[in-house]
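Please open the model in your viewer and keep the sequence beside it, so that each selection can be followed in both places.

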Amino acid sequence: MRLRNTLFTLVALAGLTACGSTYGTGGGGIVGGGGGGGGPVGSVTVGSGIQFVSGHNGTMNPAVDTIPVGGTATWTWAGSLPHSVQSVGSPNFASSGTLTGSGTYAITFPVAGTYQYNCAVHGSLMTGTIVVR
Ligand SMILES: [Cu+2]
């Protein structure tokens, strides 16, 4: 009995690992925007000026959000300027191009670490950090 339960656990974990991968080399890792079912999340407003603004603590450039391992960060565009989200260094993640005015981008972070990002249009003028722990 005990062995059987252990096997079940291992199989379940293997399943999670296979499906739970987020940022990879390609576009995998983008979690569909909007919605947002349970669980803690990072929430960042993109714009309306040249800034990322944390929805948690109001920090900007860098906007600093701390989320738990496995948490999701969501960026929501506002304002009339074009912006994007792109990682600085690895792992690689990026919104699909530059958006203006509205739209969202979300990604799940399964591994603890400090992830810096900026905007492809505004570079070092517009930065943020996601701390995952
Ligand atoms: Cu920008």
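Predicted model: local features only at pLDDT ≥ 70, side-chain atom pairs only at ≥ 80, totals over all residues.

**A walk from the fold to the metal**

Of the 133 residues in the chain, 31% count as buried. If you then display contacts between residues at least 6 apart in sequence, 60% of them join residues that are at least 24 apart.

Which atoms coordinate the copper ion? They are ND1 of His-83, SG of Cys-119, ND1 of His-122 and SD of Met-126, at 2.0 to 2.5 Å. Along the chain, these donors follow the spacing H-x35-C-x2-H-x3-M, a pattern you can trace in the sequence.

Turn the view slowly about the copper ion and compare the directions to its 4 donor atoms: the angles among them are 87 to 130°, and the site is tetrahedral. For four tetrahedral donors, the ideal angle at a metal is 109.5 degrees.

Finally, select two of the coordinating residues one after the other. Is Cys-119 buried or exposed? Cys-119 counts as buried because its relative accessibility is 0%. His-122 has a relative accessible area of 17%, and since buried means under 20%, His-122 is buried as well.

Note on methods
Residues numbered from 1 in each chain as written. Heavy atoms only, no water. Donors = N, O, S within 2.8 Å, 3.2 Å for Na, K, Ca; no water. Tetrahedral: all angles 85-135°; square planar, octahedral: opposite > 155°, others 65-115°. Buried < 20%, exposed > 50% of the residue type's maximum accessible area, 1.4 Å probe, protein only. Contact = heavy atoms within 4.5 Å.
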